[in-house]
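Hi everyone, thanks for coming. Let me put the sequence and the model on the screen, and then we'll walk through them together.

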Amino acid sequence: MIASVCVAAFPLSKSGVLKGRKATTYHLCGDYKRKEPEESGAVPGNEWLVVDGNIITSSCPKTAHEVAFQLLEMLTTKEKAHKVREAMGF
């Protein structure tokens, strides 16, 4: 599994990992940064968080906790991730 927050999708796209996969990245300042992964073959997603198979990408630092909860759910179960989310006050 691979998880990235904000512009951490850039090295993933440069490595070819996102080729043909839906992904998102930094969305502010007119979305100009969302074009960079597309240039390496990623399929652009406009959502805050995108899950494509075993890869999670997100649009800005604000989404970091959601990436963590999504990854936890993928590694364990939805129920366990929900319990941790509640225990952390989310």
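Let's begin with the sheet: three strands form it, it is open, the order is 1-5-4, and the pairing is mixed. Helices and strands here are DSSP runs, H or I of at least four residues for helices and E of at least two for strands, numbered from the N terminus. Two strands count as paired if DSSP finds at least two bridges between them. At the edges sit strand 1 (2-3) and strand 4 (49-52), each pairing on one side only. Strands 4 and 5 run antiparallel and are joined by four bridges. If you want a spot to look at, find Val-51, which stands opposite Ile-56 in strand 5.

A quick word on where this comes from. It is a predicted model, where local features need pLDDT of at least 70 and side-chain atom pairs count only at pLDDT 80 or more, while totals for chains, interfaces and linings use all residues. Residues are numbered from 1 along each chain as its sequence is written, and side-chain values use heavy atoms, with hydrogens and water left out.

Now follow the chain out of strand 5 (55-58): Thr-63 lies in the loop between that strand and helix 3 (64-75). Is Thr-63 buried or exposed? Its relative accessibility is 6%, so Thr-63 counts as buried; buried means under 20% relative accessible area, exposed over 50%, and partly exposed in between, with a 1.4 Å probe and protein chains only. Leaving aside residues up to four places away in sequence, Thr-63 touches Val-5, Trp-48 and Ser-58, where contact means heavy atoms within 4.5 Å.

Last stop, the aromatics. There is one aromatic pair, Phe-69 with Phe-90, edge-to-face at 5.2 Å centre to centre and 75° between the planes. Rings of Phe, Tyr and Trp (its six-membered ring) pair if their centres lie within 6.5 Å; planes under 30 degrees apart are stacked, over 60 edge-to-face, and the rest tilted. Phe-69 is in helix 3 and Phe-90 in the segment after helix 4, so the pair ties together parts 21 residues apart in sequence. Phe-69 counts as buried at 5% relative accessibility, whereas Phe-90, at 47%, counts as partly exposed.
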